[in-house]
Amino acid sequence: MRSDLARRYGQDRLPRYTSYPTAPHFNPSIGEAEYRGWLKSISPRRPASIYLHVPFCRSMCWYCGCHTSVTKKDDPIAIYASGLRTEAHLVAESIGHRQPISHIHFGGGTPTIMTPETFADLVGALRYSYFVVPEAEIAVEIDPRTLTEPMTEALGFSGVNRASLGVQSFDPAVQRAINRLQSFDQTARSVEGLRRNGIGKLNFDLLYGLPLQTVSSCLDTVARCIELRPDRFSVFGYAHVPSFKKHQRKIDESALPDSTERHLQSEAIAEALVDAGYVRIGFDHFALPSDELTVAKREGRLRRNFQGYTNDAAETLVGLGASAIGRMPQGFVQNAVATRDYLARIAEERLATVKGYTFTGDDRFRGDIIERVMCDMAVDLSKIARSHGRDPDAAIVDRSRLESLVADGAVTISDDLISVSAGAEFLVRSLASAFDAHLARSTAIHSRAV
């Protein structure tokens with residue numbers, strides 16, 4: 001554990017590098033026409049993935065950084081789901097063939113806010129417009145506080161085989177401070193119901209750095225979670241950006257832990273999960289030894305996308321829904337963020353794309369480097385440079401940052417192999433940023449490095 005490094009680098013604001021370039025660099029020069037052209041070029045021989053965004057919740061968690069809104073009524077959700085079905089059909093028409101799909105991920109918001117019938121109809125529409133391969137992973141994000149038994153049954157009936165449950169913290173004081181009251185029993189009932197309906201692959205989301213959170217309360221939460229033995233954990237640091245997410249202003253900033261305390265919480269969680277038999281995947285995921293993520297890490301196949309670490313090898317990700325981001329071989333596309341704008345475009349039978357980014361050769365070069373850094377905690381610059389016909393020395397943009405990390409023992413360099421040192425995994429984003437040619441020009445607000 002290197003608290004000195006947390007003090008020195010913890011205040012740096014850096015991207016999470018779930019993409020490169022990151023979303024703040026998308027621009028309106030990429031719109032519907034460009035996206036249609038990209039869709040027509042998708043190969044039917046290589047499966048793609050689909051991400052569907054559902055921007056609705058029953059209440060607002062004050063820590064939330066997602067594109068979502070609160071609704072107490074079902075009508076807006078049903079109208080939105082109809083828009084998703086229409087968009088899925090419009091995209092399939094633009095592709096021009098029944099594209100094979102290997103991964104489907106429902107994110108939010110709260111995807112299970114839909115009625116069971118609406119969810120089943122939506123999955124049915126996807127299966128009609130695309131060829132969802134028999135072994136496809138179908139994952140859904142779940143709020144255990146609102147999950148009902150009929151919805152759990154609908155998930156199983158629809159072929160969902162992986163679920164990610166929001167936990168964050170079981171400390172009642174922390175829960176009150178973030179407006180998310182969720183008991184252990186609610187979570188346990190959700191887990192039991194999911195497993196009973198054949199959904200055995202489970203992930204728990206945890207947060208550190210929340211108001212009133214301590215190392216002790218983090219460890220208590222981990223201990224309760226381990227009783228339920230999910231396959232994976234995602235452990236994220238709370239990003240406090242009240243200028244961007246106004247509901248975060250309801251959080252008492254004086255109750256937030258500093259960088260040193262955040263680091264202690266993060267490492268305490270990591271150590272507890274490793275001691276419980278989980279394997280550390282990258283810097284913020286943990287998985288059982290038999291899990292597909294662990295196997296992908298062991299075999300050098302680990303990838304990183306907008307949901308974090310993944311074993312999904314698809315080069316095409318179709319994004320459906322308001323604010324959804326897709327990745328094509330040519331670049332990124334993003335839909336209209338506001339739900340009203342999104343639905344208006346879909347009602348006119350237009351694709352909802354309003355901005356994006358076309359990759360350059362330099363982007364591909366740096367994207368490969370950053371992905372390997374983030375996934376492997378190391379990168380062979382010579383190997384990647386050769387594959388792109390580039391000079392490895394040209395890869396380093398922020399040499400002073402790299403030299404500082406090396407001088408502090410957080411990073412080692414042997415020939416062209418650059419590695420994150422043991423105990424400094426939490427600084428992997430700092431190393432990745434040394435290769436980011438866009439970061440210096442960015443005005444975006446990113447989360448703290450620690």
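The model is predicted: local features need pLDDT of at least 70, side-chain atom pairs count only at pLDDT 80 or more, and totals for chains, interfaces and linings use all residues. Residues are numbered from 1 along each chain as its sequence is written, and side-chain values use heavy atoms, with hydrogens and water left out.

## Salt bridges

A salt bridge here is a side-chain nitrogen of Lys or Arg within 4 Å of a carboxyl oxygen of Asp or Glu. The count comes to 25 salt bridges. Three of them are listed here.

| Asp-143 | Arg-145 | 2.8 Å |

Burial follows relative accessible area: buried means under 20%, exposed over 50%, partly exposed in between (1.4 Å probe, protein chains only). Helices (H or I, at least four residues) and strands (E, at least two) are DSSP runs, numbered from the N terminus.

Take Asp-143 and Arg-145. Asp-143 is buried, with a relative accessible area of 8%. Arg-145 counts as partly exposed, at 21%.

Glu-267 lies in helix α9 (residues 259-275) and Arg-280 in strand β10 (residues 279-281), so the pair ties together parts that are 13 residues apart in sequence. Both residues, Glu-267 and Arg-280, are buried.

Asp-362 and Arg-366 share helix α12 (residues 361-376). They sit 4 residues apart, about one turn of the helix. Asp-362 is partly exposed at 24% relative accessibility. Arg-366 is buried at 5%.

Some salt bridges join into a network. Its members are Glu-137, Arg-162, Lys-201, Arg-232, Asp-291 and Glu-292.

Two strands pair if DSSP finds at least two bridges between them. An open sheet of 3 strands runs in the order β18-β20-β19, with antiparallel pairing. Its edge strands are β18 (378-380) and β19 (411-414), and each pairs on one side only. From one strand to the next, the twist averages 10 degrees.

β19 and strand β20 (residues 417-420) run antiparallel and are joined by 4 bridges. Axes are lines fitted to C-alpha atoms, for helices over the stretch in contact, and angles run from 0 to 180 degrees between N-to-C directions.

What surrounds Ser-419? This residue is found in strand β20. Ser-419 is buried, with a relative accessible area of 16%. Contact means heavy atoms within 4.5 Å. Leaving aside neighbours within four places in sequence, Ser-419 is in contact with Met-377, Ala-378, Ala-410, Val-411 and Thr-412.

## Aromatic rings

Rings of Phe, Tyr and Trp (its six-membered ring) pair if their centres lie within 6.5 Å; planes under 30 degrees apart count as stacked, over 60 as edge-to-face and the rest as tilted. The structure holds 10 aromatic pairs. The rings of Phe-233 and Tyr-278 have centres 5.1 Å apart and planes at 80 degrees, so this pair is edge-to-face. The pair links distant parts of the chain, 45 residues apart. Phe-233 is in strand β9 (residues 232-237), and Tyr-278 is in the loop between α9 and β10. Phe-233 is buried at 0% relative accessible area. Tyr-278 is buried too, at 2%.

Phe-26, Phe-306, Phe-332 and Phe-359 are linked into a cluster by ring pairs.

A charge sits over a ring if NZ of Lys or CZ of Arg is within 6 Å of the ring centre and within 35 degrees of the ring normal. The charged end of Arg-224 sits over the ring of Phe-184, 3.8 Å from its centre. Arg-304 lies over the face of Tyr-309, at 4.5 Å from the ring centre.

Most residues other than glycine have a negative phi, and most peptide bonds are trans. The following spots depart from that.

A cis peptide bond joins Tyr-20 and Pro-21, with omega about -10 degrees. Pro-21 lies in the loop between β1 (13-14) and α2 (32-40). The bond from Gly-108 to Gly-109 is also cis, with omega near 15 degrees. Gly-109 is in the loop between β5 (100-108) and α4 (116-129).

Gln-168 has a positive phi, near 70 degrees. Gln-168 lies in strand β7 (residues 162-168) and is buried at 9% relative accessibility. Leu-212 has a positive phi of about 70 degrees. Leu-212 lies in the loop between β8 (201-208) and α8 (215-228) and is partly exposed, at 46%.
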